[in-house]
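Here is my note on the structure for your notebook. Please keep the sequence and the 3D view open while you read the points.

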Amino acid sequence: MPSEPRTFVLRSRPTAAGALRAERHVGRRVVMGACLTAALGALARYTFFSGSAAERRRAENVFQAAREASRALTEGRVSPATWQELVEQVFRDASPEEIARAIDVESLVARAPAAIRGAAVVPFSPSLPEDEGPRIVTKLFVLRAGRANPPHAHDNMVSMHYVLRGRFRVRHYDRVRDEPGGFVLRPTIDRVLGPGEATSISDARDNVHWHVAETDGVLLDVLCADLGGRPTDTHLVDPVRAEPLEGGLLRAPRLSTVGEALERFG
């Protein structure tokens with residue numbers, strides 16, 4: 001059962017144009033540096049599973065760029081919101097078909113446990129070296145048509161969901177504040193995503209997320225947890241039963257158990 005929430009105030013986004021440009025410049029250098037390193041051959045020792053040699057190299061570049069963005073985040077060189085921009089962009093520039101072949105998605109999906117509701121979760125590792133920055137966690141969410149990853153929030157974590165296969169209706173909400181019985185939310189995203197598209201979350205924006213599979217599909221999740229040395233926690237929420245508030249806000253109740261969330265949404 002998720003722990004009771006502490007008082008939470010949505011962190012403000014950068015407002016100084018110069019500071020934001022500088023941070024994005026750092027972010028661009030992070031990704032460009034990762035790709036240059038790959039091009040010089042430093043990634044040759046990383047092991048991917050399938051696909052052609054060129055496809056494996058391109059996939060390695062993508063995952064290494066995510067690692068470099070995570071290192072920049074944990075070192076304070078970019079904000080969580082900029083991490084979201086960087087990692088979403090590097091995956092959007094990739095080919096979902098090549099990523100799928102490089103990680104041998106067929107074998108991974110074949111290992112997926114049976115899931116009556118919700119998603120079957122399959123962790124995997126792109127075999128990036130542990131001594132080159134913070135560990136990124138990678139996993140697949142395998143969902144049948146009509147199944148969902150129920151709406152939930154995270155503390156002290158950034159993550160990105162990238163559509164490898166299928167179509168998903170994706171909804172996000174800014175987490176404006178926590179209340180004893182739930183959360184005050186601001187709707188931010190409600191659209192259908194297909195292969196090669198992505199959304200992401202952080203404490204800064206789009207923190208509550210909810211994916212519903214419109215077809216059989218596979219999501220690739222990349223995350224970096226326990227930011228700032230603080231533990232990551234998950235909170236289940238029910239936007240459907242939310243009370244409308246002024247300014248388009250919603251007061252959404254908390255759900256107590258995973259079973260309850262899967263019964264409602266899974």
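Is E197 buried, partly exposed or exposed? E197 counts as partly exposed, because its relative accessibility is 31%. Buried means under 20% relative accessible area and exposed means over 50%, with partly exposed in between (1.4 Å probe, protein chains only).

1. Ground rules. This is a predicted model, where local features need pLDDT of at least 70, side-chain atom pairs count only at pLDDT 80 or more, and totals for chains, interfaces and linings use all residues. Residues are numbered from 1 along each chain as its sequence is written, and side-chain values use heavy atoms, with hydrogens and water left out.

2. The largest core. A nonpolar core is a set of buried Ala, Val, Leu, Ile, Met, Phe, Trp, Tyr and Cys residues joined through side-chain atoms within 4.5 Å. The largest one has 37 residues. F91, I103, L140, L164 and L220 touch the most other members. Several elements supply at least two residues each, including helix 3 (80-92), strand 2 (137-143) and strand 9 (217-224). Helix 2 gives the most, with eight residues. Helices (H or I, at least four residues) and strands (E, at least two) are DSSP runs, numbered from the N terminus.

3. L140 up close. Contact means heavy atoms within 4.5 Å. Leaving out residues up to four places away in sequence, L140 touches a list of residues, among them I103, L108, F124, L164 and L220. A second, separate core has 16 residues, and Y173, F183, V212 and A261 are among them.

4. Helix 2. This helix has 22 residues. From first C-alpha to last, helix 2 reaches 31 Å, close to the 32 Å expected at 1.5 Å a residue. The expected span is 1.5 Å times one less than the number of residues. G76 follows helix 2, and its phi is positive, near 80°.

5. Salt bridges. A salt bridge is a side-chain nitrogen of Lys or Arg within 4 Å of a carboxyl oxygen of Asp or Glu. The whole structure holds 20 of them. R175 and D155 form one at 2.9 Å, N to O. R175 sits in strand 5 (residues 168-179) and D155 in strand 3 (residues 148-155), so the pair links distant parts of the chain, 20 residues apart. Both partners are buried.

6. D174 and R186 meet in a salt bridge at 3.8 Å, N to O. The two are twelve residues apart, with D174 in strand 5 and R186 in strand 6 (residues 182-193). D174 is buried, because its relative accessible area is 4%. R186 counts as partly exposed, because its relative accessibility is 34%.

7. Back to E197. Its salt-bridge partner is R191, at 3.8 Å, N to O. R191 counts as partly exposed at 34% relative accessibility. Elsewhere, salt bridges that share partners join R177, E179, E243 and R251 into one network.

8. S159 lies in strand 4. Its relative accessibility is 1%, so S159 counts as buried. Beyond four places in sequence, S159 touches W83, T199, S200, I201, D221, V222 and L223. D203 lies in the loop between strand 7 (198-201) and strand 8 (208-213). D203 counts as buried, because its relative accessibility is 5%. A polar atom of the D203 side chain lies 2.9 Å from the backbone nitrogen of N156.

Notes
A polar contact is a pair of N or O atoms within 3.5 Å; within protein, one must be able to donate a hydrogen and the other to accept it, and residues adjacent in sequence count only if both atoms are side-chain atoms.
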